[in-house]
Structure formats: C-alpha cells, structure tokens
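Hi,

Here is the structure I promised to pass on.

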Amino acid sequence: MLTEQISTDLKEAMKAQDAGRLSTLRMLKSALKNKEIDLMHPLTDEEAIGIIKSQVKQLKEVQETEEKVGREEESERAKQEIVVLEKYLPAQMGEEELVQIVRDAVVASGATSKADTGKAMGAAMKAVAGRADGTRVKTIVEIILATLVLFVPLVLLFPRPIFAASATDAEFAISSARMARVFLMLMGIVSINFIIMGAISVMTSSGRDHGHHHGIQQIAVGIFGTILVAGLFTIASGFIERLG
C-alpha cells in the first residue's frame, strides 16, 4: 500500500540523513495519520493520494507566492518538496490521451449542457483515476459541453422537412452530422484564437505577472479545444462517409 511505501521511504531518509526529504515525508506522514484518525480506518491508496494532491496544491501556491515576492530560497524549497510528494502520485496523462478519455466519459454520462457539468466531471474524474489534475479535466469538460450546446439542440429541434420533405433516416443523420461539422469548424477557429491570444499575452508580459499566467491558461484551453474539435470533426466525417 502507498502508506506503507511512504513509511519505508521515511526510514530510508532518516538513515541517509536527507534533511529536506525527511522533513517533507514527516509532514506527509502526520497528515496521513490525522486523516486515518478522522476516518477511523487505515487509508486506501485513493484516500492517501487525495491527501498528497492537497499538499502538492498548497505547496504550489506557496511556491508561486514566494517567487512573486522574490524569495527564491523559499520558492526553491517548496519546489523540492513538491518533487518529493509527486513521486507518490500516478503518472499524469498526455494531452491527447486525456482528451480521448474525458470525451468518452462525458458522452457515456449523458451530459449535454453546462447544467450537467457536475455529472460530467464526476464521470470524467472517475475515468482518469487520479492521472490528471482536476483543473485540466474541468477545462476539457467545459469545452466538450460548450461544443454540444452549439449543435445538439439544432439537430434535435429542427424537423426533418428542413432538410428534405422525403428525407430518409440516413439522410437526416447525414444532414445533422454536416451541421455538426460546421459548428465544429467554428469551435476550431475559437480554439486557435485562444492559442494566438495566449501567445501574445505571454510574449508581452513578464514571467511573473498575471498576464503571463493568464496567457499560459489561454494556450492550454486552445490546445485542448483544438484536439477535441479535431477528434469530433473526424468522427462526424467518418459518420458521413459511412452513411453516404
């Protein structure tokens, strides 16, 4: 179990007199013990990972704050502690794999609008199983739901006669897929625009100010959106080709 591995590593750090690692593991061990007392049972790996993630998040906030005020030594200390803790977290997914898994999870959940964000997030977080940060997952979920909001209602609301008075089921499906592709192209343009605007923000701002971080976030959203739209566009095109 993860808690046993942490205990073993703590003993090794003591023997090696690795002060930095020892201090970090002692704090982690204390946090895990307190959680065990609260829950009144030994922690599962999933519960232990939740505590580690929480500590990593706090340390990242500390590291960012210390860097902004110019305390390089404190910032570096927090960064080293993060490295120690992240060893116990599951390997993070690459962007393409994450988008694919989240997309499949959202579709399977039946979520179709922003009102279903909670349901979609629950399904997505369960699917990634701790291998991606919640912020990354949420960004992808929001893009997926925004895309669905654009074209799903049109497909459901417009009657078949708008395409052809004698339209067959196949023709209706193809027409719907073509409409979906149009809206996906628009979403692709929006995503690319996010990347461009983010790059401009990064290039015209300092590495430590809000504009820089906002620019990085815009680029990330743009990349997620581009990958997602490309995937959905490919599916729609394949659907049209298969029925056409």
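Below is what I found in it, going from the overall fold to single residues.

One thing to keep in mind is that this is a predicted model. The protein chain has nine helices and zero strands, so the pattern along the sequence reads α-α-α-α-α-α-α-α-α. Of the 244 residues in the protein chain, 35% are buried. If you take the contacts between residues at least 6 apart in sequence, 65% of them join residues at least 24 apart.

Next, the cores. The largest nonpolar core has 24 residues, and those with the most contacts inside it are Leu98, Val102, Val106, Val128, Val137, Ile140 and Val141. Two or more residues each come from helix 5, helix 6, helix 7 (134-157), helix 8 (169-203) and helix 9 (210-243). Helix 7 gives the most to this core, with six residues. Apart from this core lies another one of 22 residues, and Leu2, Ala13, Leu32 and Leu43 are among them. As a general point, nonpolar side chains in soluble globular proteins tend to be buried together.

Leaving aside its neighbours within four places in sequence, Val102 is in contact with Ala124, Val128, Val137, Ile140, Val141 and Ile144.

Now for two helix pairs. Helix 5 (residues 95-109) packs against helix 6 (residues 117-128) at an angle of about 135°, and their axes are 8 Å apart. Angles over 145 degrees would count as roughly antiparallel, so this pair is described as oblique. The crossing of the two is right-handed. On the helix 5 side, the residues in contact are Leu98, Ile101, Val102, Ala105, Val106 and Ser109, and they meet Lys119, Ala120, Ala123, Ala124, Ala127 and Val128 in helix 6. By class, that contact has 10 nonpolar, one polar and one charged residues.

The other pair is helix 1 (residues 2-16) with helix 3 (residues 45-68), whose axes come within 8 Å and cross at roughly 55°. That makes helix 1 oblique to helix 3 as well. Here Leu2, Thr3 and Ile6 in helix 1 meet Asp45, Ala48, Ile49 and Ile52 in helix 3. The contact of helix 1 with helix 3 has five nonpolar, one polar and one charged residues.

Met27 lies in helix 2 (residues 19-39), and it counts as partly exposed because its relative accessibility is 43%. Beyond its neighbours within four places in sequence, Met27 is in contact with Gln55 and Glu81. Met27 and Gln55 are 28 residues apart along the chain, with 9.4 Å between their C-alpha atoms.

Then there is the backbone. Gln17 is not a glycine, yet it has a positive phi of about 55°. Gln17 sits in the loop between helix 1 and helix 2, and at 70% relative accessibility it counts as exposed. Met40 also has a positive phi, of about 60°, without being a glycine. Its place is the loop between helix 2 and helix 3, and Met40 counts as exposed because its relative accessibility is 73%.

Cheers

Methods
Residues are numbered from 1 along each chain as its sequence is written. This is a predicted model: local features need pLDDT of at least 70, side-chain atom pairs count only at pLDDT 80 or more; totals for chains, interfaces and linings use all residues. Side-chain values use heavy atoms; hydrogens and water are left out. Axes are lines fitted to C-alpha atoms, for helices over the stretch in contact, and angles run from 0 to 180 degrees between N-to-C directions. Helices (H or I, at least four residues) and strands (E, at least two) are DSSP runs, numbered from the N terminus. Angles under 35 degrees count as roughly parallel, over 145 as roughly antiparallel, 65 to 115 as roughly perpendicular and the rest as oblique. A crossing is left-handed if the near helix is turned anticlockwise from the far one by less than a right angle, and right-handed if clockwise. Contact means heavy atoms within 4.5 Å. Ala, Val, Leu, Ile, Met, Phe, Trp, Tyr, Cys and Pro count as nonpolar, Asp, Glu, Lys and Arg as charged, and the others, Gly among them, as polar. Buried means under 20% relative accessible area, exposed over 50%, partly exposed in between (1.4 Å probe, protein chains only). A nonpolar core is a set of buried Ala, Val, Leu, Ile, Met, Phe, Trp, Tyr and Cys residues joined through side-chain atoms within 4.5 Å.
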